[in-house]
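Please read it beside the sequence and the model.

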Amino acid sequence: MDRRTFLQSAALASVAFKSTLAADTKPVRLGVIGPGSRGQEVLRHFLHVPGVSLQAVCDVYEPRFAQVNTLAGREIPHTKDYRELLSHKDIDAVLIASPLKYHAEHVIASVKAGKAVYGEKALGFTPDDCQQILSEVLASKAIYQVGHQYRYASWIQESMRRIAKGEIGDVTHVYAYWHRNNDWRRPVPSPDPDKKLEHLINWRLYRETSGGLVTELGSHHIDMANWVFGEQPESVLGTTSICRYNDGRTVGDNVQATFKYSRGRRLVFSSITDNAKNANELWIYGTGGSVQITIEDATFFYEKKKSNAPSPANKTVVERGVETGASYSTGGEMPYRGEGEKVSITEYEDPTLSACRSFVECVRGQQKPLADAYVGYRSAIACSVAHDAVFTELKTAIPRPRA
Ligand SMILES: NC(=O)c1ccc[n+]([C@@H]2O[C@H](COP(=O)([O-])OP(=O)(O)OC[C@H]3O[C@@H](n4cnc5c(N)ncnc54)[C@H](O)[C@@H]3O)[C@@H](O)[C@H]2O)c1
């Protein structure tokens, strides 16, 4: 589609939309940059929010345009150049779901063009990208919401409220897992002699375009740890390797990282790709209990003995005639296998739909989103530094036995 046809058809789409709009619903006219897998999913949710219309899409990969038309149920004006999309006056807000490496370019251009932005996580790729995005969003006073949709999940909000009231005592540790059993590789059409399509479609597998598992999966867990600890991490230690999928990728197929927060508090994150037993879960440990958070629910468990009760270490404990105590029990220590207490919520809504709905309200009311640029920055900067740390692997060698 040439530039003139693109602009004309986008304007016509806008007029057609206005005529069918309920009088009390202020329109929010959306453009999308990068309607790939996540972009189409978020768009699907946006199209369920009353008053939202899709004006135009931009992608460098041609097959996306037909996919978006199918999703929208009509032909959507399209372009391969995001500047063309941003020049369109009838677009109020832009959904940016391009690969991580392009977030800075696309977000900064969008806020400079006066658009509100729903930007997929992670906020930015490099530390410089993260700072520049934050600075531009603040300078332009643009409405920017980052795609950390779990901030909008009712069962997580309720858990965080109860945790903040002290229900599990002092929170000291968060353990988070995202374990899968697949190679994280997408099919690529052939022929692809110069591997251009491979890098466009499998950008996650290459270090120059991807933050690896710690960013692509762990950014949500880092955001939740930031939320519960009320700050971003101070530093990170990590490691990664290619253990199973030696297929030319340059990011690890597993990663383990420990994020240090103030007062000795820690987030421990693990991602593996050859066993999905734990799947995606996050445990918040406090001195009086634990909370398990999943993508569908949250469950509270309480410690049998609160750690502020008198410590058995200060007393002599005798079990079965054996002196025991803090370091030993004759009965051993089995994991707790009983039921916890599920967080009750009145109704379930997909957090991405809740996030889209809330973004639209912010655009209408010119309000700052809950998951704003600072929320995005605090998770993305940790991902960015961790992505280097897992390669640097600052470590202390463990001596082998001498013969
Ligand atoms: N919030 C979540 O739960 C969640 C889930 C999945 C992905 N994501 C994020 O969404 C983003 C996209 O991930 P994805 O899996 O949809 O990737 P994808 O590869 O499926 O989609 C990206 C799209 O951007 C297009 N693109 C690439 N370069 C472009 C450019 N320069 N200009 C315009 N378009 C371009 C690609 O052709 C593709 O269609 C990533 O940042 C990812 O971390 C978030």
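In which segment does Glu393 lie? Glu393 belongs to the segment after helix 12.

The model is predicted, so to speak of local features requires pLDDT of at least 70 and side-chain atom pairs count only at pLDDT 80 or more, while totals for chains, interfaces and linings use all residues. Residues are numbered from 1 along each chain as its sequence is written, and side-chain values use heavy atoms, with hydrogens and water left out.

1. Glu393 has a positive phi, near 45°, although it is a residue other than glycine. Its relative accessible area is 18%, and Glu393 is therefore classed as buried (buried is under 20%, exposed over 50%, partly exposed in between, with a 1.4 Å probe and protein chains only). Helices here are DSSP runs of H or I of at least four residues, and strands are runs of E of at least two, numbered from the N terminus.

2. Ala279 is another non-glycine residue with positive phi, near 50°. It is found in the loop between strand 10 (266-272) and strand 11 (280-286). With a relative accessible area of 33%, Ala279 is partly exposed.

3. Two cis peptide bonds deserve attention. One runs from Lys121 to Ala122, with omega near -10°; Ala122 sits in the loop between strand 5 (116-119) and helix 6 (127-140). The other joins Ser190 and Pro191, with omega about 0°, and Pro191 is in the loop between strand 7 (171-178) and helix 8 (196-201).

4. The axes of helix 10 (residues 218-229) and helix 12 (residues 373-392) come within 9 Å and cross at roughly 120°. This angle makes helix 10 oblique to helix 12 (under 35 degrees is roughly parallel, over 145 roughly antiparallel, 65 to 115 roughly perpendicular and the rest oblique). Axes are lines fitted to C-alpha atoms, for helices over the stretch in contact, with angles from 0 to 180 degrees between N-to-C directions. Contact (heavy atoms within 4.5 Å) is made by Ser219, Ile222, Asp223 and Asn226 of helix 10 with Val375, Arg378, Ser379, Ala382 and Cys383 of helix 12.

5. In helix 3 (residues 63-72), the buried residues are Arg64, Phe65, Val68 and Asn69. Seen down the helix axis, they fall within an arc of 140°, so they line one face of helix 3; the arc is taken from the directions from the axis to the C-beta atoms. Their cover includes helix 2 (37-46), strand 2 (52-58) and strand 3 (78-79). Just after helix 3, Gly73 adopts a positive phi of about 75°.
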